Amino acid sequence: MLLNSAKLIQRAAFQRGALQNAGLQQCKAQSMSNAASSGPPGPPVYMVYGATGGIGGALAQRLARQPEAKLVLVGRDQEKLDKLQSELHPEASVTSAVADVIDAKQVEAAVKKAVDTYGRISGVANCTGSIVLRSAHATSDADFDQVMKVNLYSCFNILKPTVKSMMTTGGGSIAFCSSAVAKHGIPNHEAIAAAKAGIIGLCLSASATYAPKNIRVNCVAPGLTRGPGMSARITQPGSPALKASEAMHALKRVGEPEDVAAALEFFMHPNNSFITGQCLAVDGGLGSVKPQ
């Protein structure tokens with residue numbers, strides 16, 4: 001009896017060990033599968049649209065510092081692209097493409113150049129944008145049309161050829177720039193609010209459509225951020241407009257291009273491959289926190 005009991009205990013222990021080992025092997029296999037599906041193999045290949053703007057330039061600087069990363073800068077002015085390229089990390093592998101994001105054919109050509117040069121695309125950000133600060137009744141049809149094209153249509157123009165490429169190379173990440181005004185009502189922002197809200201809708205739908213292909217789609221929603229154009233006029237040091245803008249933000253300052261670039265890099269980086277369909281506020285609390 002004692003001998004039989006000992007054999008039964010020994011057999012049970014062996015079976016438990018075998019099951020534990022099988023479980024470990026299954027977890028290991030699942031982990032390897034997850035790692036394999038996290039994105040395209042090899043060093044990341046990034047495309048930055050609107051690269052010569054404030055946010056685009058800051059993002060390019062960050063991406064160029066990633067070891068072994070490849071970078072494609074896209075903008076409308078080759079001279080500005082060349083200047084930016086000369087300012088990036090000296091060991092970065094960088095090329096550029098001239099394209100206007102409101103022209104779908106030019107965007108397709110830029111994507112083709114990136115794929116021809118580096119074989120694939122693993123991360124894309126659209127940093128282009130414009131703004132019209134007028135009430136609806138004071139906004140012309142032409143101004144509204146232009147705001148929609150530069151902000152919303154550009155994202156669709158970039159999304160379409162990018163996902164076509166990514167679907168054949170293991171997936172990737174796409175990041176767009178929405179705005180705090182898309183979800184937080186601020187007077188005289190009707191045109192830009194409509195365009196930026198459309199970007200959030202596009203992001204959510206595309207993230208659902210292309211998730212089975214391992215393509216992640218996210219967006220950031222900045223508050224007022226320093227940069228060229230109208231942002232530069234509003235953020236003039238000591239100006240009443242700047243003081244009023246700072247007072248609207250809970251952190252009592254406006255955003256810097258680097259703030260938004262850091263969030264875009266986070267979404268694009270292959271280490272963050274389990275994040276999709278998100279809109280991250282980079283707005284100093286503008287859209288969610290009441291300033292004191």
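1. Basis. The model is predicted, so local features need pLDDT of at least 70 and side-chain atom pairs count only at pLDDT 80 or more, while totals for chains, interfaces and linings use all residues. Residues are numbered from 1 along each chain as its sequence is written, and side-chain values use heavy atoms, with hydrogens and water left out.

2. Helix α4. Helices (H or I, at least four residues) and strands (E, at least two) are DSSP runs, numbered from the N terminus. Helix α4 covers residues 104–118, which makes 15 residues. From first C-alpha to last, α4 reaches 21 Å, close to the 21 Å expected at 1.5 Å a residue; the expected span is 1.5 Å times one less than the number of residues.

3. Buried means under 20% relative accessible area, exposed over 50%, and partly exposed in between (1.4 Å probe, protein chains only). Val107, Ala110, Val111, Ala114 and Tyr118 of α4 are buried. They lie on the same side of α4 because they cover an arc of only 95° around the axis; the arc is that of the directions from the helix axis to the C-beta atoms. The face turned away from this buried side carries the exposed residues Lys105, Lys112 and Asp116. The cover over the buried residues includes β1 (45–49), β2 (70–75), β3 (93–98) and α5 (141–166).

4. The ends of α4. Aspartate 103 caps the N-terminal end, with a side-chain oxygen 3.0 Å from the backbone nitrogen of lysine 105. After α4 comes glycine 119, whose phi is positive, near 90°.

5. Strand β6. In β6 (residues 215–222), 8 of the 8 residues are buried, so the strand is largely enclosed by the rest of the structure. Ile215, Val217, Cys219 and Ala221 point one way, and Arg216, Asn218, Val220 and Pro222 the other.

6. Partners of β6. Two strands pair if DSSP finds at least two bridges between them. β5 (residues 172–177) pairs with β6 in the parallel sense over 6 bridges, and isoleucine 174 has valine 217 as its bridge partner. β7 (residues 279–282) runs parallel to β6 and is joined to it by 4 bridges; valine 220 is partnered with leucine 280.

7. Serine 178. This residue is found in the loop between β5 and α6. Serine 178 counts as buried because its relative accessibility is 2%. A polar atom of its side chain lies 2.8 Å from the backbone oxygen of lysine 196.

Key:
Contact = heavy atoms within 4.5 Å. Polar contact = N/O pair within 3.5 Å; in protein donor to acceptor, adjacent residues only side chain to side chain.
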